[in-house]
Every structure is written in structure tokens, then in C-alpha cells.
Amino acid sequence: MTWKRILFYVVTIVASFMVQNNLFAASNLIDTVPNLLLIVTFTFGFLRGKTDGMLIGFLSGLLLDSFFGETLGFYALVYMVIGYGNGLLGQVFYTEFINMPVVLCILSDFLFNLIIYFFDFLMRGKLDILSYMRQVVLPEIVYTVLLTLVLYKFLRFLNTKFAQFEKRSAKKFV
Amino acid sequence: MKKKSHFHIEPKHIFFFLTAVCLILIIVSSVSNSVNNALRNGINTVLMPMQRGLNQVGSFVFGEAENLAELKRVQDENAQLSEEVAQLREDNTRYQLQLAELDKYKELLDMKEQYPDFETTGAHIISKNSGNWYRTVKIDKGSADGIQVSMNVIADGGLVGIVTSVETHTATISTIIDDGRSVGAMAQLSQDPCIVTGDLLLYDEGRLLLQHINKDDDVENGYKIVTSNTSSEYLPGILIGYAEGLEIESNNLTKSGYLIPVVDFAHLDSVLVITTLKETGAAN
């Protein structure tokens, strides 16, 4: 991995973070917000492999932790696991399989929310898992899937473009 | 030529390494706040200006769409409110006279002011926790503006929440609708104690939990609920909301119900931070 690529990821993550936490959430504290950082994490994890996936996940999570988390490192760990997991899936499945992004999105978002529920809400004795699924998790998955449909192609395009750019600049230096 | 910087590490090993880093961070940050604060300060300072701008863009776009729909309703409301204002102005004059009278009596009784005018400072909300499990927000004022942890935050004349962490130019507020956050409260008139607790599932219906009221206490539906004198974190007498749906619990000792907050959390973009801290008796 080159420094340029890491910079590319950092810029993508920060931009997504801003859109998610400032633009989407701008006017309303209550409405469900799609999980944009998760989309970035699983997309690059799937397209680029385990290392890139977990790095993006780690940075995304750390950014969220440093902003809102009470404990630093929790989101970093969760997003990293998701990035890594999607890297593993990327080795098994074809990139071109048409519904793959949707499947990845549902799996990732479900896992993400389940972990938060388990480690925070269940630990505080909130046992009503079905209500949480219906009122919190399901809406988020729906929104995130919708956003994935729009964004996946764009992220893949970015990824291809950047790979080309990398190749070109690598040639220049050799 | 240049030495090749391309070396290969097994992804598995990176994974274990980063996992260890996360676990250490979790442990360290839950034990001490200094690492946490250093990182937060750095990141927040860098991102704050951009966030403020983006938030304005977002508020503008979403706000404009909403504005158009609201215009008609607001016009009607305006006419109605104008009438009400006239009425209230009249009431106000009367109350002021009564208040002056009250002050005189208080002076005679040598009573300490129980609900002093709190000093506040205004702040904009620049970022909201997009995680759909939490209801925390970030404001554009921090320790440089005199904000401290556990300062109370109000808006629309009601309690919004409490400052939970502070960076140089930003601060995080945990709102009262955040799941599991409890506020020591009381009925405004009878001063009978109760506890208001945020609940994620309940808030979908715009409600909070109102609990631990003695069965015989004078707390009824529609009563104003304010922060308690005895709360360790909240200043006394700040309006939280109105009691609703109170029922005697099966233990036949206490009653509980719901609280409708006065603050419209769906449309919150600026808040007032009360810079007076609750005096707990302990030296800070």
C-alpha cells in the first residue's frame, strides 16, 4: 500500500464522515441516517481485500470514536472486523455478481447493529431485541441499502480510477 | 534506483495487531481520559471548521424544503399567536407586579434565591451522532469558550441535556432522550420527586419514561415536570416536559408513566449552555 492510497482513503473517509454526521443529520436528530462509513468500509473491503478493508474500517471507526464514543476503540474494532470480513468475502465471491453490494450491505449493517445492541443495550438489560430490530436496525438497513444502490457504482468507479492513476504514476517513477 | 518500499505483511497479522490496538485503546480510554482527550482535541480541531460549513449547507437544503411546507401553517399560527401575545403581555404585567411583591416578602423572610437567573451562552449544533442508537450532538463551543463537563444545556425553554465531554473548540452534549440517561426531576407545583429516563424505543412516540413517583404524591397527568433540587448534575427548576399516562404500578407503591418533552428534538439547531455549574458542596 502506498502513501498516496492511504491519503486517498483518509480523504474518502473524512468526506463520508462529514456527509453522514453533518449533512445527513443536519436538520434532524431523530430520523434514521444511513451508515455511509459502513458502505465505504465494506465496498473497499470487498473490492480491494482484507488489508484495505480493515484499514478503512479502523480509521472510520476511530474517527467516530473520537467524535462521539465514550470509549475510544470500540467502533474502530467493529468497523475493522467488518472491513476484514468483507475482504474475506471478496476472495470467495465474484465482484460482478449483480446483487452482491446489497447482500454485503445487509450482512454488514446487520452485524454492525447487532454488535452495538449486544455490547451496549443488552448489557444494560434491554432484552426486547425484536423491537430494537424493528424500530432501529431495520430502518437503518433499508436506508443504507438504498444509499448503497446509488453509491456502490460510484465508489467502484473511484477505485478503478485511482488504481489507474497509481499505475501511471508508478510507471513515471521507475 | 530507489529502494523498494513494498514489503509484505500477512493481513492476518495486521488484523491481530489492530485488534490489539483497539483493545488497548478501549481499556486505556475507560481507565483514564487523557489519551482520549488528546486524540479528540486533535481531530476535532482539524475538522471543526469544515463541519460547521457543511452543517450549514445541510441545514439550509433540508431547511428550505421544510420551510416551504411550513409557511402556510406558520402564517395561520402567527395570527393566532399575535392574539395570544397580547393576552400574555397583560398577564405578564400582572405577574411582574406579583413578583415584585414576592421579592419584598422574600427579603423580609431572608430567603435565598432558589431559582436564580442562569448565565447562558449560545452555541450551534455542528454535528449529530449518526449512529441510530445514540442521541448525542456536538456544539461549536468548547473549553476555550468556558464550556465545562456537566454544564446543563437548554433550548426552547426546556432541558436539552448535559455536556459530557469538552475539546478546545467543541463539546459533546448527551441529550435527555439518549437511551439510559436519567434526570432527577420533580413536579413543579408539589415538588414531589421523580426520575425522567430516556428510552430509544419510546422516543419514537416522542416520549420519555417518568418513574419512581410515590403512589400518593401529587403528580398528575399534564403536570409540569422540572429538574429537581436534589439532582447532583442538573440545576433546579429547569422545565423538562409534561407528565402523561401515569398509572399505579403493580407493586402498589409507586406510579410511573411518560413525559412529553418541551424541546423539539427533531428540529434542534442551536442551544443555550448554562455556564453556571450545579454546586454540589464538593470543591471542584
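In which helix of chain A does Thr41(A) lie?

## Model and conventions

This is a predicted model, in which local features need pLDDT of at least 70 and side-chain atom pairs count only at pLDDT 80 or more, while totals for chains, interfaces and linings use all residues. Residues are numbered from 1 along each chain as its sequence is written, chains are lettered from A and ligands numbered from 1 in the order in which they are written, and side-chain values use heavy atoms, with hydrogens and water left out.

## Thr41 of chain A

Thr41(A) lies in helix α2 of chain A, which covers residues 36–48. Helices (H or I, at least four residues) and strands (E, at least two) are DSSP runs, numbered from the N terminus. Thr41(A) counts as buried because its relative accessibility is 0%; buried means under 20% relative accessible area, exposed over 50%, and partly exposed in between (1.4 Å probe, protein chains only).

Contact means heavy atoms within 4.5 Å. With neighbours within four places in sequence left aside, Thr41(A) is in contact with Gly53(A), Ile56(A), Gly57(A), Ser60(A), Tyr79(A) and Gly83(A).

## Cysteines

Over all chains, a search of the whole structure finds zero disulfides, a disulfide being a pair of cysteine sulfur atoms within 2.5 Å. Cys105(A) is buried, at a relative accessible area of 0%. Cys22(B) is also buried, with a value of 0%.

## Interface of chains A and B

In this interface, 54 residues of chain B are in contact with 57 residues of chain A. The two chains bury about 5100 Å² between them, with 66% of it on carbon and sulfur atoms. Buried area is the accessible area (1.4 Å probe) that two parts lose on being put together, summed over both. Asn132(B), Trp133(B) and Leu201(B) supply 16% of the area that chain B buries against chain A, more than any other three residues.

Three salt bridges are found across the interface, each a side-chain nitrogen of Lys or Arg within 4 Å of a carboxyl oxygen of Asp or Glu. A salt bridge joins the side chains of Asp179(B) and Arg124(A), at 3.0 Å from N to O. On the side of chain B that touches chain A, α2(B) gives the most, with 14 residues. By class, that side has 27 nonpolar, 19 polar and eight charged residues. Here Ala, Val, Leu, Ile, Met, Phe, Trp, Tyr, Cys and Pro count as nonpolar, Asp, Glu, Lys and Arg as charged, and the others, Gly among them, as polar.

## Positive phi in chain B

Asp156(B) has phi near 50°, a positive value in a residue other than glycine. Asp156(B) lies in the loop between β3 (152–155) and β4 (158–166) of chain B, and counts as exposed because its relative accessibility is 55%.

His212(B), another residue other than glycine, has a positive phi near 55°. His212(B) lies in strand β8 of chain B, residues 208–214, and is exposed, with a relative accessible area of 54%.

## Lys278 of chain B

Lys278(B) lies in the segment after β12 (270–274) of chain B and is buried, with a relative accessible area of 15%. Leaving aside neighbours within four places in sequence, the residues in contact with Lys278(B) include Ser228(B), Asn229(B), Glu233(B), Tyr234(B) and Pro236(B). Lys278(B) and Thr45(B) are 233 residues apart in sequence and 28 Å apart in space, C-alpha to C-alpha.
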